[in-house]
Amino acid sequence: MTDIARRLQALATTAPDTLVTNVLAATGTGMFYSTVAGPVGVGELLIGWSSAGIYAVAPVTEEARFLEEHSTGPLAPMPRELPAKWRRQLEAALRSGKLGRLPVDLGKLSDFQQTVLRKTAEIPPGQLRPYGWVAREIGKPGATRAVGSALNKNPVPVLIPCHRVGRSDGTVGQYAYGPAMKRDLLRAEGLDPDAIDEAAERGVRYIGSATTNIYCHPTCHHAMRIKETNRVELSSAAAAHRAGFRACLVCRPAVAA
Amino acid sequence: MGKATELASRLAADVDAAFPELVLTHQDRLYSGVRSFVGAADAEDVTQEAFIRAHRALQTYTEDRIESLQVSPWLWTIALNLCRNWARTRSRRPQTVQLSFDQSGGAAAEDEVVNGVMLDGWKQRLARLSEAQRVAVVLRHVVGLSYREIATATDRPVGTTKTDVSRGLTALRRIISEEESP
């Protein structure tokens, strides 16, 4: 009896490698990835996606790290073209700098991280906000450091524009894939990162308009429209208020400060 | 058991996110069992179809139903149905097709050799048991399910399942001794 049982056990085997791939493709489950041309100067990007949406973005040069980070057990993400609709939405998002309806999967992140990233997604292309601004806007003015760390772990950089958040001293600051990529992304949106750093180092935090008496973040589109002769450089929100300026309602500098 | 319950909870939380884990966890055992019933040539197709049907079913279940699912027996209920359908379709096929399948050489023939024994030989032996015994023996000794899990999968009492396994093994022993005696 046991002899037969043992012979039957020998019929147990491992499934062919193609099985899991075929099943996941047929059911639309599992983790996949594709590539897309990044913004000018940034190069190709890896786009990790599943039925829940886009779960990761990384430069193609980081492929090994990307595959390792997103493997579950022996199953690494599989190369597969994005659904056509998502491909169109992705390309539109990269062109416009706005997420639009592209589904982004932040499900694995904490509520705090999700809140930080959703707020960051509201920053218009071509504009820079300090970490402290994000912290204030989500109602956690003391959480500047936590905001920085949440943005550093942004799983979908470029799409959720953590490159549009800089240091509280007004400089461009660091980036998970190196500061050069952050500067390239800002340049692709029409900003001059060197000029931003230079002004910040001179102590400029905000720009006021002598005609409207409103002050803005230096890259707010209202600030960019102020005529050279009416531009007032301001070193802090307190200085702006002392000089009789009120905060811009669009870029909301230091609302709670 | 604990691990299986965790999988059910993860499936209940998000079917699509946990489904790859379900496939990875169960594919070897499901494939091994299915192969014992249908042979190497069709085992992958039938196993694949079982997983696809499982996914389709999960999408219609409530969270509570998935949470309380005994994943292994449940998968086997689906797979056994497919194996039964496969056998029915095969028996309706014309004999010539049957022959051309049996003579298919190359890779398929190589696949049939399991640890030096012909899988086909086991398929023939198992085919001589009653369906209940064949299913019980394979699920117990090839797949490694518990009697309770087999009973759930086949919707039969545990006691009957034990009897099926033991009578199935006795029958197989007789079949093998007949083969070995001249």
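A: Helix α5 (residues 111-120) of chain A packs with helix α7 (residues 144-152) of chain A at an angle of about 80°, and their axes lie 9 Å apart. Axes are lines fitted to C-alpha atoms, for helices over the stretch in contact, and angles run from 0 to 180 degrees between N-to-C directions. Helices (H or I, at least four residues) and strands (E, at least two) are DSSP runs, numbered from the N terminus. α5(A) and α7(A) are therefore roughly perpendicular to each other, a term for angles of 65 to 115 degrees.

From α5(A), the contact is made by F112(A), Q113(A), V116(A) and T120(A), and from α7(A) by A146(A), V147(A), A150(A) and L151(A). Two residues are in contact if their C-beta atoms, placed from the backbone, lie within 7 Å. By class, the contact of α5(A) with α7(A) has 6 nonpolar, 2 polar and no charged residues. Ala, Val, Leu, Ile, Met, Phe, Trp, Tyr, Cys and Pro count as nonpolar, Asp, Glu, Lys and Arg as charged, and the others, Gly among them, as polar.

This is a predicted model, in which local features need pLDDT of at least 70, side-chain atom pairs count only at pLDDT 80 or more, and totals for chains, interfaces and linings use all residues. Residues are numbered from 1 along each chain as its sequence is written, while chains are lettered from A and ligands numbered from 1 in the order in which they are written.

Chain A as a whole has 11 helices and 10 strands. Among its contacts between residues at least 6 apart in sequence, 55% join residues at least 24 apart.

Note on methods
Parallel < 35°, antiparallel > 145°, perpendicular 65-115°, else oblique.
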